[in-house]
Amino acid sequence: IYQFHQRNGFACVLLSDILELVQFLFVVTFSTFLLCCVDYDVLFATRPLNHSHVPERAKVTLPDAVLPAPQCARRLRGSGWLLFLLVLAGAVWLCRLVTALRRLVGYWEIRSFYIRALGIPTEELCNHSWQSVQARLLALQRRQPLCVPRRELTELDIHHRILRFRNYTVAMVNKSLLPVRFRLPLLGPVVFLTRGLQFNLELLLFRGPAALFQNTWSLRPQVKRAGA
């Protein structure tokens, strides 16, 4: 519900996901074109153009440096590593496509929830702040309890649910359970947390097949037992 509001409704989510997929295809296609279909000796004028009707010092244009399609295809087929990377990129793109489709199905259900349960039509979503949506959600909980264990729902409960993973990560850092602090010679204590390390920690703790959480809010039962 929160993400749907922050991303400005279903149409914006759909357009954003489509553009991300198109952007990925464009980057892969353009990178392949630059690697296989451009004659850089001609482009940087390290080799003169072999055209009889062109003077020796004629200006090099982009069409002069672009290789013909058959030659480009031969160079592509002759590079095993590039073919492997293209297959890998295709697999990543398909995974992102499947993920986007699954996410869109969930957002479509949230769209119906906004319209039917919260009484907020799609075209009016931009006029409602998150505080307004949250107030309607609390009122709905009092009329018709949602799938939460508590009868009364408060703003703090909603914030805890939205920030559960972040709060859990902050608590683990405060308890020195995550390896983000190091003591280096001469420099003393430093904090090291790159985006890649953060992504891997989130994958291990929250989103992977062996994550601590069995869904977006509850821990696995075996994690709660001290003996395990």
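**Where two helices cross**

α9 passes α10 in a right-handed crossing, meaning that the near helix is turned clockwise from the far one by less than a right angle. Please keep in mind that this is a predicted model, where local features need pLDDT of at least 70, side-chain atom pairs count only at pLDDT 80 or more, and totals for chains, interfaces and linings use all residues. Residues are numbered from 1 along each chain as its sequence is written, and side-chain values use heavy atoms, without hydrogens and water.

Helix α9 covers residues 164-174 and helix α10 residues 195-207; their axes lie 11 Å apart at an angle of about 110 degrees. The two are therefore roughly perpendicular to each other (angles of 65 to 115 degrees). On the α9 side, Phe165, Tyr168, Thr169 and Met172 meet Leu205, Phe206 and Arg207 of α10, contact being heavy atoms within 4.5 Å. Sorted by class, this contact has 5 nonpolar residues, 1 polar and 1 charged.

Now turn to the second largest pocket, which holds about 170 Å³ of space. A pocket here is an open set of points on a 1 Å grid over the protein atoms alone, where a 1.4 Å probe fits, with protein on both sides within 12 Å along at least five of seven lines; lining residues have an atom within 4 Å of a point. Which residues line the second largest pocket? They are Asp17, Glu20, Leu21, Arg96, Thr99, Ala100 and Arg103. α2 (10-36) and α6 (80-116) each supply at least two residues of this lining, and α6 gives the largest share, 4 residues.

Terms used: Points joined across faces, edges and corners; volume = space filled by probe spheres on them. Axes fitted to C-alpha atoms, helices over the stretch in contact; angles between N-to-C directions. Parallel < 35°, antiparallel > 145°, perpendicular 65-115°, else oblique. Nonpolar A, V, L, I, M, F, W, Y, C, P; charged D, E, K, R; others polar.
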